[in-house]
Amino acid sequence: MTETTRADSSPPPPTKRPVRQLLAASVGNAVEWYDWYAYTFLATYIAAQVFPKGADNSLVPLLSTFAVFAVGFFMRPVGGLVMGAIADRHGRRNALTVTILLMGSSSLLVGLTPTYAAAGVLAPVVLVVARLLQGLSVGGEFAASTTFLVESAGPGRRGLFSSFQYVSTTAGQLLASGIATLLVDTLSDGQMNGWGWRIPFVLGAVLSLVGFWIRQGAQETRSEEQRRGPRPGLLEAVRRHPRESLLICGITAGGTIAYYTWTSYLPTYAELNAGVDKSDALLAGTISLAFFGLLQPVGGLLSDRFGRRPLLLFFGLGFAVLCVPLLGLLNGSFVVLLLVQCAGMVLLTGFTSISAAVNAEVFPPRVRAAGIGFPYSLTVALFGGTAPYVGTLLKDMGHAGLFPWYVAALCLGSSVVYLRLPETSRVELRR
């Protein structure tokens, strides 16, 4: 049993303005993910302007754009480690300030990236730098905001506060999708290729300043004892708590592949394997995402009432048993796709709504942010970030039916971890 499962004789007082704390974490997190997903939605326009066209293959610029996207993904573990260490050494609020300014700067850099025609090879170099900064920021944001949210919660409310991690993530994703769709429907192709694709990124930089202002008024959640104590080393969490680090990986593996499969890849999977119309697939994805965001506080409240482990097992065993039959139901129908997506979102809520609380309850306060950030982001990069690639590769190899089994197997593996987790929902969280 780790020290997080022992009650502290003198716990710090609860935060005085819980709504402001929720807003500070949620607004910043939404802005972070708005910027992250805007790149995905506008990839075709970025490809046409920033990368040279292949001589014989028009997909070369798009593939290059997604390669840069992957580079950003694999910077997330570095961000989780570095920004998590800043949160542990200098305070959660300071780390949150750094991450949102970093994301705002990188978003502006994407928006101001020169075209290949104007700057040559400098154009993709600028884009790569921007994506590296975005990856660093997103990885750090999860580490700092997870710790901040859970430590801001009052007694019996950690699950509820935890759920706003994915409420805000979903809000950012929906905002990016909505603005991208609005611009595509409003502007001509020439305008979108010329300057329209830059608007969401410049807007992201402005929104980052709003998030920065809100976070300036947030209350620091790191205790006075931590401030007075010696500062932890960069790798102290991994070095001194290897079991807890591996536990975070086991908790996250099934959850992250289920999340990215159902929230990002499923529309493409339905198009490739069930012949669903592209517009129908995107509409079903948008509706199910909104439904998913509304479910998160419900899951958080249930975990505060009944515990973390029942919800985690509901998710893990539910996906292990139902993933294959659910994806097998896809038949080209919009209604069937929407029902499959919403059913998966209900199961997925058992993980997403409480993952922040579960992760925070695993590590001691001294290294909580870095302890969460690095193993979590590494696992997301390995399993969540590669889900679309694995699914598409299996389809290309003629084994598309194996992908649902791959997702189910990882969820079953995580379920074994959940069975062995101690129940921590009613234990005082040390700060």
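**Exercise 1. Helix α7 against helix α17**

Task: In this predicted model, find which residues of α7 meet which residues of α17, then work out how the two helices are oriented to each other.

Solution. 
- Step 1: Start with the residues. On the α7 side you'll find Phe 142, Thr 146 and Val 150, and they meet Ala 356, Ala 357, Asn 359 and Ala 360 of α17.
- Step 2: Now the axes. Those of α7 and α17 (residues 355-362) come within 9 Å and cross at roughly 85°.
- Step 3: Classify the angle. Values of 65 to 115 degrees count as roughly perpendicular, therefore α7 and α17 are roughly perpendicular to each other.

**Exercise 2. Helix α7 against helix α8**

Task: Determine how α7 and α8 are oriented to each other, which hand their crossing has, and which residues make the contact.

Solution. 
- Step 1: Get the geometry. Helix α7 covers residues 122-152 and helix α8 residues 158-186; their axes are 8 Å apart and the packing angle is about 150°.
- Step 2: Angles over 145 degrees count as roughly antiparallel, so that's how α7 and α8 run relative to each other.
- Step 3: Check the hand. The crossing of α7 and α8 is right-handed.
- Step 4: List the contact. From α7 come Phe 142, Ser 145, Thr 146, Leu 149, Val 150 and Ser 152, while α8 brings in Arg 158, Phe 161, Phe 164 and Gln 165.
- Step 5: Look back at Exercise 1. Phe 142, Thr 146 and Val 150 turn up in the contact with α8 and also meet α17.

**Exercise 3. Helix α14 against helix α15**

Task: Work out what to call the arrangement of α14 and α15, and name the residues in contact.

Solution. 
- Step 1: Helix α14 (residues 278-306) packs against α15 at an angle of about 130°, and the axes are 7 Å apart.
- Step 2: That angle makes α14 oblique to α15.
- Step 3: The contact uses Gly 299, Leu 302, Ser 303, Asp 304 and Phe 306 of α14, plus Arg 308, Pro 310 and Leu 311 of α15.

**Exercise 4. Rings that pair**

Task: Count the aromatic pairs, then take apart the pair of Tyr 265 and Phe 403 and the pair of Phe 315 and Tyr 418.

Solution. 
- Step 1: The count comes to 14 aromatic pairs.
- Step 2: Tyr 265 and Phe 403 sit 5.5 Å centre to centre with 80° between the planes, which is edge-to-face. This pair links distant parts of the chain, 138 residues apart: Tyr 265 belongs to α13 (residues 242-274) and Phe 403 to α20 (residues 402-420).
- Step 3: Phe 315 and Tyr 418 form a tilted pair, at 6.4 Å centre to centre and 50° between the planes. Phe 315 is in α15 (residues 308-328) and Tyr 418 in α20, so the pair ties together parts 103 residues apart in sequence.
- Step 4: Zoom out. Ring pairs link Phe 315 and Tyr 418 with Trp 262, Phe 319 and Phe 351 into a cluster.

**Exercise 5. Cys 411**

Task: Find where Cys 411 lies and what it is in contact with.

Solution. 
- Step 1: Cys 411 is in α20, and its 0% relative accessible area makes it buried.
- Step 2: Beyond its neighbours within four places in sequence, Cys 411 is in contact with Gly 254, Ala 258, Phe 315, Gly 316, Phe 319 and Ala 320.
- Step 3: Two of these contacts, Phe 315 and Phe 319, are members of the ring cluster.

Conventions
Residues are numbered from 1 along each chain as its sequence is written. This is a predicted model: local features need pLDDT of at least 70, side-chain atom pairs count only at pLDDT 80 or more; totals for chains, interfaces and linings use all residues. Side-chain values use heavy atoms; hydrogens and water are left out. Rings of Phe, Tyr and Trp (its six-membered ring) pair if their centres lie within 6.5 Å; planes under 30 degrees apart count as stacked, over 60 as edge-to-face and the rest as tilted. Helices (H or I, at least four residues) and strands (E, at least two) are DSSP runs, numbered from the N terminus. Axes are lines fitted to C-alpha atoms, for helices over the stretch in contact, and angles run from 0 to 180 degrees between N-to-C directions. Angles under 35 degrees count as roughly parallel, over 145 as roughly antiparallel, 65 to 115 as roughly perpendicular and the rest as oblique. A crossing is left-handed if the near helix is turned anticlockwise from the far one by less than a right angle, and right-handed if clockwise. Contact means heavy atoms within 4.5 Å. Buried means under 20% relative accessible area, exposed over 50%, partly exposed in between (1.4 Å probe, protein chains only).
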